[in-house]
Amino acid sequence: MPKLKILVGTMYGGALDVAEQVQPLFEEAGYTVEIFDQPTLADLVDTPTDLALFCVSTTGSGDVPGNMTPFVRDLEAQSPGLTELRYGMIALGDGSYVDSFCGAGRSLDEQLQGQGATRLGERLEIDAMETFMADDAAMPWVEEWIATQRLKVA
């Protein structure tokens, strides 16, 4: 069974909630799923990763949440080269912060691509000003992502 790793950057638990809500969709599609709520670069690169999903909220002025800071810092410092990595990105933000809306997800997306990783499909950006429960936007997006990217293996 292929493995999906969901790496979560969250401050108040919203991104973790999204990860936990979409997990069954991937299990139904034939994946073994592991959620990393304190992700490290080692979690991504030390064991095979067939597919990754990043669920990242934005804090401050477009910053990644504290629980994901070590991951981002090590990604920059170690430049591991992620040419085999295929991933999706769910970015959470607040549209009232125009200049930094979904800044953490956008920045991480750029870093991953700079390491050679391939994002499958478009990044989902969820605006807390428009969507009270982020999983209301994430669930249909994940269902469509699995279908359009032909990720179903079961």
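## Ground rules

The model is predicted, so local features need pLDDT of at least 70 and side-chain atom pairs count only at pLDDT 80 or more, while totals for chains, interfaces and linings use all residues. Residues are numbered from 1 along each chain as its sequence is written, and side-chain values use heavy atoms, with hydrogens and water left out.

## The nonpolar cores

Let's start inside. The largest nonpolar core has 27 residues. A core here is a set of buried Ala, Val, Leu, Ile, Met, Phe, Trp, Tyr and Cys residues joined through side-chain atoms within 4.5 Å; buried means under 20% relative accessible area, exposed over 50%, and partly exposed in between (1.4 Å probe, protein chains only). Ile6, Phe26, Leu53 and Ile90 have the most contacts inside this core. Two or more residues each come from β1 (3-9), α1 (14-28), β3 (51-57), β4, β6 (124-127) and α5 (134-148). Helices (H or I, at least four residues) and strands (E, at least two) are DSSP runs, numbered from the N terminus.

Leaving aside residues up to four places away in sequence, Ile90 touches Val18, Leu53, Phe54, Cys55, Val56, Leu124, Ile126, Ala138, Trp141 and Val142, a contact being heavy atoms within 4.5 Å. There is also a second, separate core of 20 residues, with Leu41, Phe54, Leu85 and Leu108 among its members.

## Helix α5, one face in

With 15 residues, α5 reaches 21 Å from its first C-alpha to its last, close to the 21 Å expected at 1.5 Å a residue (that is, 1.5 Å times one less than the number of residues). Its buried residues are Ala134, Asp135, Ala138, Trp141, Val142, Trp145 and Ile146. Seen down the helix axis, they fall within an arc of 135 degrees, so they line one face of α5; the arc is that of the directions from the axis to the C-beta atoms.

That buried set packs against α1, β3, β4 and β6. On the face turned away from the buried side sit the exposed residues Asp136, Glu144 and Ala147.

## Positive phi spots

Most residues other than glycine have a negative phi. Ser79, not a glycine, goes positive at near 40 degrees; Ser79 lies in the loop between α3 (69-78) and β4 (86-93) and counts as partly exposed, at 44% relative accessibility.

Cys102, also not a glycine, has a positive phi of about 55 degrees. Cys102 is in the loop between β4 and α4 (103-114), and counts as buried at 0% relative accessibility. Then there's Arg150, which follows α5 and has a positive phi near 55 degrees.
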